[in-house]
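I opened a new structure today and kept notes as I went. The entries follow the order in which I looked things up.

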Amino acid sequence: GLVGWEMCIRDRSLPGNPLMSAPAPAPKSPAAPGHRLAHPQAANDLLMYRLNRLLAVAGSLVVRLCEGGYGITRREWGLLLMLSQQPGMPPAELAQRLGLDRARTSRAITSLLAKKLITRDAMPGDRRQARLSLTATGQAVHDELFPQVKALNQELLAGLGAEAVAGLDQALADMQRRAEALVATRTDVPRTYRLRGGRHVD
């Protein structure tokens with residue numbers, strides 16, 4: 001009778017009763033695109049970490065092309081690229097364009113001079129200043145290697161649609177401007193003095 005039904009309902013509410021188990025939790029909704037970048041919680045969420053990982057993985061193919069095929073380092077390849085676009089560039093400007101310190105740039109220049117891929121000509125009136133240019137051999141290396149590096153870059157973008165590529169292009173330009181502004185204005189961030197063996201406080 002009615003009492004029996006009441007007992008049955010009470011029994012169902014007891015712990016462990018499979019007929020009255022707790023409701024399953026609602027599935028978590030996936031984070032909106034870009035949430036990881038805007039609100040990083042771990043290393044894998046950080047923009048610069050992810051860009052560095054991308055460069056490390058994809059860039060290793062460029063290293064193999066440069067070193068295995070042409071006997072130059074990726075840094076030396078960067079110099080050849082810049083000098084192909086702008087012959088006669090002074091070493092200091094070349095270092096600035098590539099984001100390298102002068103010591104690393106000087107070592108790369110010395111290596112390329114020894115390989116006869118570039119020339120160094122003193123500027124008239126001031127022999128302390130020099131202009132760098134590609135030799136015919138250096139230009140030939142550039143002309144052979146550039147299409148191969150270009151193809152690797154295009155393969156990276158192959159999985160993206162035209163709209164995504166255009167958005168990425170604009171985003172990279174915006175972030176580059178933002179990064180340069182941050183470097184110019186964030187005077188609170190300590191400088192690095194690698195040649196002095198560590199931090200230096202002015």
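Predicted model: local features only at pLDDT ≥ 70, side-chain atom pairs only at ≥ 80, totals over all residues.

**Entry 1: a pair in α5**

I began with Glu93 and Arg97, which sit four residues apart in helix α5 (residues 91-98), so about one helical turn separates them. I then checked whether the two side chains meet. Next I looked up how open each one is. Glu93 has a relative accessible area of 26%. Arg97 has 46%.

**Entry 2: other salt bridges**

How many salt bridges does the count come to? I noted six. I looked at two more of them.

Asp101 and Arg104 meet through their side chains, at 3.2 Å from N to O. I read 28% relative accessibility for Asp101, which is partly exposed. Arg104 is partly exposed as well, at 27%.

Then I moved to helix α8, where Asp174 and Arg177 lie three residues apart, about one turn of the helix. Their salt bridge has its closest N and O atoms 2.4 Å apart. Asp174 is partly exposed, with a relative accessible area of 36%.

**Entry 3: Asp45 in its loop**

Asp45 is in the loop between α2 (35-38) and α3 (47-70). Is Asp45 buried or exposed? I found a relative accessible area of 12%. The cut-off for buried is under 20%, so Asp45 is buried.

I then listed its neighbours. Leaving out residues up to four places away in sequence, Asp45 touches Arg36, Leu37, Pro40 and Arg50. With Arg36 there is also a polar contact between side chains, at 2.9 Å.

**Entry 4**

Which helices supply at least two residues each? I noted α3, α7 (136-157) and α8 (162-185). The largest share is from α3, with four residues.

Met175 is in helix α8. Its relative accessibility is 35%, so I recorded Met175 as partly exposed.

**Entry 5: the largest nonpolar core**

Last, I went inside. In soluble globular proteins, nonpolar side chains tend to be buried together. Here the largest nonpolar core has 20 residues. Those with the most contacts inside this core are Ile72, Trp77, Leu80, Leu83, Leu94 and Ile118. At least two residues each come from α3, α4 (74-85), α6 (102-114), β2 (126-134) and α7. The top contributor is α4, with five residues.

What does Leu80 touch, not counting residues up to four places away in sequence? My list reads Ile72, Leu112, Leu117, Ile118, Leu134, Val141 and His142. Two of these names, Ile72 and Ile118, were already on my page as core residues with the most contacts.

**Entry 6: looking back**

α3 and α7 each supply at least two residues of the surface patch, and each supplies at least two of the core.

Methods. Residues numbered from 1 in each chain as written. Heavy atoms only, no water. Buried < 20%, exposed > 50% of the residue type's maximum accessible area, 1.4 Å probe, protein only. Polar contact = N/O pair within 3.5 Å; in protein donor to acceptor, adjacent residues only side chain to side chain. Contact = heavy atoms within 4.5 Å. Core = buried A, V, L, I, M, F, W, Y, C linked by side-chain atoms within 4.5 Å. Salt bridge = Lys/Arg side-chain N within 4 Å of Asp/Glu carboxyl O.
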